[in-house]
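Thanks for coming. I have one structure to go through today, so let me put it up.

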Amino acid sequence: MSGPAAGTAHAATTTDVVCLGESMVTFLPSQPGRLADVPSFGRGIGGAESNVACALAAAGHRAAWVGRVGADGFGDHLVETIASYGVDTSAVRRDPVRPTGIYFRTATDRGTDTHEVAYYRAGSAASAMSPANVPYEELFAGRILHLSGITAALSGDCLELLRELTAARPGRPLVSFDVNHRPHLWRGGDADASVLLELARRADLVFVGEDEAEEAWGIVGAEAIRAAVPEPSVLVVKRGSAGATVFAPGLGPGPRSSIAGGAENADTVTHVPALRVDVVVAAVGAGDAFAAGFLSATLRGLPVRDRVRHGHLMAAAVLTVPGDLTEPPARDHADRLVALGDEAWGTLRLGPGWTAADRAPEEVRTP
């Protein structure tokens, strides 16, 4: 099949979210320091889209991951590990020639000057994804299709695939797009900026950080970002420790109103402060966890404020572990925290073990 057929039906789906992208085996350092000085590494998995799928499945949703891995041991490890979270991996394809991507990283935060990442993903199995070899029926089988800008950077074929999947057509599921600007993955020039803006404007729900919008597009501030990306029904601007600002219409009539809101309605702007976490182990994966929390609450039809709060809680859980994934708080526990008043939410401070299911809101540390 060379592309999705017009009118692909997904109303009777049993899948909540389908995530497409590259997942890699990641090697985590045994101690802080330069890659040249780290004596050993532990094996984990990493990949923005598969991270979202794993977090959603762990939160009780029906999630699927679609990707392409090598016919090698690392590919086996990826598929088996992602499936162990409850994610449907039946549509993952194995490449008999190209390898599974791997990477090594330091323990420091991605935003610091001392952070190092060594990727071994050039010519990977995932970079060979194209409109000609992905299972469109599975991709369009969910209520939401989640994509990211990382895939567009892998190859020309991958970019063409994202253009196909974000094209407007009858029967398309709601398209969620995380900009995920990674300058080192692009092949020079300003192509990344224009491509990421193009794809964001074709999506229904967009996640973008203030910092990456400034770096990629030279745009400063949430209002200016919305002016540059007016088409999506919902735009989530992540502002780091300051929280997140969401531009979204009221939930009016329309084919996707139950998830994203009617595109014909004027924006309502909602700002939700971030949470304070006592000990941040690593920030890698927090953005993916935020997206998963927001999508989870979106699927449940919760108000915009609560969607953002669930995103913050999922991100806070990942901040406390060295890898990209962790067990999220139980839904009823998260719901109790989300229901706190604005003052209580603003003073919430999350200590070690806060995700335990038996912790009541008043047991979570406050100043």
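Before the core, a definition: a nonpolar core here is a set of buried Ala, Val, Leu, Ile, Met, Phe, Trp, Tyr and Cys residues joined through side-chain atoms within 4.5 Å. Buried, in turn, means under 20% relative accessible area. Please keep in mind that this is a predicted model.

With that, the largest nonpolar core has 53 residues. Leu 205, Phe 207, Val 236, Phe 294 and Leu 313 are the ones with the most contacts inside it. Helix H9, residues 286–299, supplies the largest share of this core, at 7 residues.

What does Phe 294 touch, leaving aside its neighbours within four places in sequence? The contacts are Leu 205, Phe 207, Val 234, Val 236, Val 246, Arg 307, Val 308 and Gly 311.

There is also a second, separate core, of 47 residues, and Val 18, Leu 139, Ala 153 and Leu 185 are among its members.

Now a helix pair. H5 covers residues 156–166 and H6 covers residues 191–202; their axes are 9 Å apart, at an angle of about 20 degrees. Angles under 35 degrees count as roughly parallel, and H5 and H6 are therefore roughly parallel to each other. Their crossing is left-handed. On the H5 side the contact uses Leu 159, Leu 162, Arg 163 and Thr 166, and these meet Val 195, Glu 198, Leu 199 and Arg 202 of H6. By class, that contact has 4 nonpolar, 1 polar and 3 charged residues.

Last, the chain as a whole. It has 12 helices and 16 strands, and 56% of its 367 residues are buried. Of the contacts between residues at least 6 apart in sequence, 71% join residues at least 24 apart.

Note on methods
Residues numbered from 1 in each chain as written. Predicted model: local features only at pLDDT ≥ 70, side-chain atom pairs only at ≥ 80, totals over all residues. Heavy atoms only, no water. Axes fitted to C-alpha atoms, helices over the stretch in contact; angles between N-to-C directions. Helix = DSSP H or I, 4+ residues; strand = E, 2+ residues; numbered from the N terminus. Parallel < 35°, antiparallel > 145°, perpendicular 65-115°, else oblique. Left-handed = near helix turned anticlockwise from the far one by under 90°. Contact = heavy atoms within 4.5 Å. Nonpolar A, V, L, I, M, F, W, Y, C, P; charged D, E, K, R; others polar. Buried < 20%, exposed > 50% of the residue type's maximum accessible area, 1.4 Å probe, protein only.
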